[in-house]
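Thanks, everyone. Please have a look at the model first.

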Amino acid sequence: MDGHPVNPEPHPQQGLDAHLVVVRGTNPKRGNESATDDSDRSTHRRNASRDDQTFRLDLRLRVEPGETVALLGPNGAGKTTALRALAGLEPLSDGGIILDGALLDRPRNSTGTGTGNNSANTRDRWVPPEHRRIGVVFQDYLLFPHLNALDNVAFGPRRRGTGRAEARGLAADRLARVGLADFAKRRPSQLSGGQAQRVALARALATDPALLLLDEPLAALDARTRLDTRVELHRHLAGHAGAAVLVTHDPVDALMLADRLIVIEDGRAVQEGDAEAVTARPRTDYIARLVGLNLYRGTASGRTVVLESGTVLATAEPLDGPAFAAFAPSAVALFRDEPDGSPRNTWRASVSGVHRHGDHLRVQLDGPLRAAADVTPAAAAHLALAPGRDVWAAVKATEIRAYPA
Ligand SMILES: Nc1ncnc2c1ncn2[C@@H]1O[C@H](COP(=O)(O)OP(=O)(O)OP(=O)(O)O)[C@@H](O)[C@H]1O
């Protein structure tokens, strides 16, 4: 395929430019549905459901050299599928992947209706995984068990034609950088989980990849090792000149390791931004739960937001039009009797659950506004909180964040 005029427009941009469309499934009609209409979220819900066995990932991804982007999302959102497509372990159905100006995958006649097939006559361009300048640290794709740590790390450079001695020298240097100089002769079975993960990272970085892919790199580690390895990984990512894409369930990993987050649900990006922006203004229930906020959708008019349920919330900052309103569980005060005095939002609620949450109790409230409230154990005892108990809930207007939907 080399020499084919696959990329008529020169694309000198460094970093990753990708439009990842992967369609899987047994129901081609569903798979063919257009994914370009952002308003039709229900289509994607259906596509992503396991019942009809179809799934469509449709994700645009631009990652600058030196930047780390985290893909965050619930189970089955398509995070791993996105990484596998980038790595070349899964062909695109549509779209394309360009890394440092080189086209890696593009189905012929991209229309969004393909089902993924990497045979030469269906593709304008297909670069196999081993020829992509990509380093991977995948959970299920760790180390070669029959090679020691040094040879695991030397494998990539050797494969790219580096002589044995030079590749081993480079590998020794990489192992030293992850603090494992003394473990070079050990087989993977003789390494701890954390050490194996560090060898995997050294191996992924040994070829100076233009793109580093990390799939749940810390998930298999115990809490203590995870903490140390996270700090170390952060250091390595900071020193990595190429782009990096990280997949994780863990918001702490995402917030600590990535420069930018992309939240994926049902195969599509639903929110994007740096950690501060995403956590301060969540746009879906998934991310609101992740960062521990109560989130509602409604329509703002001046200093009120009318929620979809009809409940009216008073806010401090004026806003008009479709809006989200969010507040922290810690902003909710609970009372036995209706509170009066300062202007706040008050409503009658029924306790549906009480759970320990750190050093306080998280109370789930049903009623006109389903919400979580955090109270101290003393307050819970005073209010005799238990499922079924009726209470008054209050949130000050100044505690409610309202922002455009
Ligand atoms: N080999 C496969 N064959 C068919 N469908 C698959 C396959 N692997 C994953 N899927 C489906 O593709 C969708 C996306 O899966 P993917 O593994 O990319 O999600 P994810 O966001 O990484 O989820 P998790 O966090 O659970 O790993 C899911 O609906 C899943 O059931």
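Before the first residue, one cut-off: a residue is called buried if 20 or more other C-beta atoms lie within 10 Å of its own, and exposed if 12 or fewer do. Keep in mind that this is a predicted model.

Now the backbone. Most residues other than glycine have a negative phi. D266 is not a glycine, yet its phi is positive, about 50 degrees. You will find D266 in the loop between β10 (260-265) and β11 (268-273). Is D266 buried or exposed? There are 23 other C-beta atoms within 10 Å of D266, so D266 is buried.

A384 also has a positive phi of about 50 degrees without being a glycine. The loop that holds A384 runs between α11 (377-383) and β18 (390-396). A384 counts as exposed, because it has 10 C-beta neighbours inside 10 Å.

In soluble globular proteins, nonpolar side chains tend to be buried together. The largest nonpolar core here has 70 residues, and those touching the most other members are L20, L86, L211, L213 and V245. Which helix gives this core its largest share? That is α6 (residues 193-205), with seven residues.

Take V245 from that list. Setting aside neighbours within four places in sequence, V245 is in contact with V63, V69, L71, L83, L86, L211 and L213. Another core, of 28 residues, lies apart from the largest one; its members include A300, L334, A349 and L369.

That is what I have. Questions, please.

Definitions and conventions. Residues are numbered from 1 along each chain as its sequence is written. This is a predicted model: local features need pLDDT of at least 70, side-chain atom pairs count only at pLDDT 80 or more; totals for chains, interfaces and linings use all residues. Helices (H or I, at least four residues) and strands (E, at least two) are DSSP runs, numbered from the N terminus. A nonpolar core is a set of buried Ala, Val, Leu, Ile, Met, Phe, Trp, Tyr and Cys residues joined through C-beta atoms within 7 Å. Two residues are in contact if their C-beta atoms, placed from the backbone, lie within 7 Å.
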